[in-house]
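Please look through the following briefing with the sequence and the model side by side.

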Amino acid sequence: MKLSTTIAVSALAIAAASSASADTWRYAFEEAMDEVQGIFAQKFKEEVEANSDHTIQLFPFGTLGESADIMEQAQSGILQFVDQSPGFTGALIPEAQVFFVPYLLPQDEEQLATFFQESKAINEMFPPLYEEQGLELLTMFPEGEVMMTTKEPVTSPEDLDEVKFRVMTNPLLVESYQAFGATPTPLPWGEVYGGLQTGIIQGQENPAFFIESTKMYEVTDYITRAGHNNFTTAVMANLDFYEGLSEEEQTMIQDAIDVAFDHIIEYQDGLTEESLEKIKEAKPSITITTLSEEERQPFMETADDVEQEFLEIGGDQAEAILEQMKADLEAAASGSDS
């Protein structure tokens, strides 16, 4: 696997070096072709190819390595585009960890979409931070309510005591699950299924569509909806590549991103419930629980401590970004109420 990945990356490097203005642009993402990031990427590819003479080559998860690998390839210019969750990018851009403050993002999907489209924090404050890492931030979008999958039922933080819970390599996510009472265990995604199967870990979190498509339900018995977060991802371009494009091409790319954003929001309408139904059909014995407001309260009470930790480890602009996000969320909420 590693040898084939190395060969694939070497081939890309040669192709990138041979022609800086190549008509084929390479785009890698962290999911399969038929999962949310893949659907977004396909729509983006369709729009770019319909409105230019360029072609987009798509690389789903695993074809070029793990998340850290595709980020390195995007930064070095081997890839022109990359889709990666702030869960991983948080190591490069500490401020991006703000998306792991529990109970910060709303559950209402319409309000969430408005927030991502109109947020000053996302659209004005984050781009310069990404530029410092050699990346052009094109968009961020939500992928669905995050749910816990565990071997035993979870109705309170006490139920997570001593549970080894897989998390992405992200300091604030580690802090969040420590606050929930679990033992956070960073693990590459490729090792999660086997880890649950063998008992190295006893829990993990993801949106319902991902739990269903990756068959995580086969190695778990309980799915818990605590309402604590929504999975967020970001699409970026290599900065040198992007800045080397003409203004017309940059506009064409941004237009394609906007179309793909609208498409993925529409695509996700009803996706969570549909995915949970498929899981129940595939494994009738599984227990899916939505925590009541009362049951969520002890989890929600941990949010302030995690927020304080974010202010300490979240970089120079942590406080300004958090305050702006709260203002943006308030604006999105009032907009959806009117």
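Does S85 count as buried or exposed? At 1% relative accessibility, S85 counts as buried, where buried means under 20% relative accessible area, exposed over 50% and partly exposed in between, with a 1.4 Å probe and protein chains only. This is a predicted model, in which local features need pLDDT of at least 70 and side-chain atom pairs count only at pLDDT 80 or more, while totals for chains, interfaces and linings use all residues. Residues are numbered from 1 along each chain as its sequence is written, and side-chain values use heavy atoms, with hydrogens and water left out.

**Whole chain and confidence**

- The average pLDDT of the chain is 92, and 93% of the residues score at least 70; pLDDT is the predictor's confidence in each residue, from 0 to 100.
- Over residues 14-20 the pLDDT is below 50, and this stretch has four contacts in the model beyond near neighbours in sequence, contact meaning heavy atoms within 4.5 Å.
- Where pLDDT is low, the predicted coordinates should not be read in detail.
- The chain has 15 helices and ten strands, which are DSSP runs numbered from the N terminus (helices are H or I with at least four residues, strands are E with at least two).
- With a radius of gyration of 20 Å, close to the 20 Å that the globule rule gives for 338 residues, the chain is as compact as a globular protein of that length; the radius is taken over C-alpha atoms, and the rule is 2.2 Å times the number of residues to the power 0.38.
- Buried residues make up 52% of the 338 residues, and among contacts with a separation of 6 or more, 76% are between residues 24 or more positions apart.

- S85 sits in the loop between β3 (81-84) and α4 (86-89), and a polar atom of its side chain lies 3.4 Å from the backbone oxygen of T232.
- Leaving aside neighbours within four places in sequence, S85 is in contact with E30, F100, M168, F231, T232 and T233.
- Q80, in the loop between α3 and β3, counts as buried at 8% relative accessibility.
- The side chain of Q80 reaches the backbone nitrogen of R26 at 2.7 Å, and residues touched by Q80, not counting those up to four places away in sequence, include W25, M236 and F241.

- In α3 (residues 67-76), S67, I70, M71, Q73 and A74 are buried.
- Seen down the axis of α3, these buried residues fall within an arc of 160°, so they line one face of the helix; the arc is that of the directions from the helix axis to the C-beta atoms.
- A68, E72 and S76 are exposed on the other side of α3, and G77, just after this helix, takes a positive phi of about 95°.
- In α5 (residues 109-118), the buried residues are Q111, L112, A113, F115 and F116.
- D108 caps the N-terminal end of α5, with a side-chain oxygen 3.2 Å from the backbone nitrogen of E110.

- Helix α12 (residues 271-282) has twelve residues and reaches 16 Å from its first C-alpha to its last, close to the 16 Å expected at 1.5 Å a residue, the expected span being 1.5 Å times one less than the number of residues.
- L271, T272, S275, L276 and I279 are buried in α12, and they cover an arc of only 130° around the axis, which puts them on the same side of α12.
- Among the elements that cover the buried residues of α12 are α2 (36-50), β4 (135-150), α11 (247-267) and β8 (222-225).
- T224 lies in strand β8 and counts as buried at 2% relative accessibility.
- The C-alpha atoms of T224 and M148 are separated by 5.1 Å, although these residues are 76 residues apart along the chain.

**Positive phi in loops**

- Most residues other than glycine have a negative phi.
- Y103, which is not a glycine, has a positive phi of about 65°; Y103 is found in the loop between α4 and α5 and counts as buried at 18% relative accessibility.
- E162 also has a positive phi, near 65°, and lies in the loop between β4 and β5 (164-167), where E162 counts as exposed at 64% relative accessibility.

Methods:
Polar contact = N/O pair within 3.5 Å; in protein donor to acceptor, adjacent residues only side chain to side chain.
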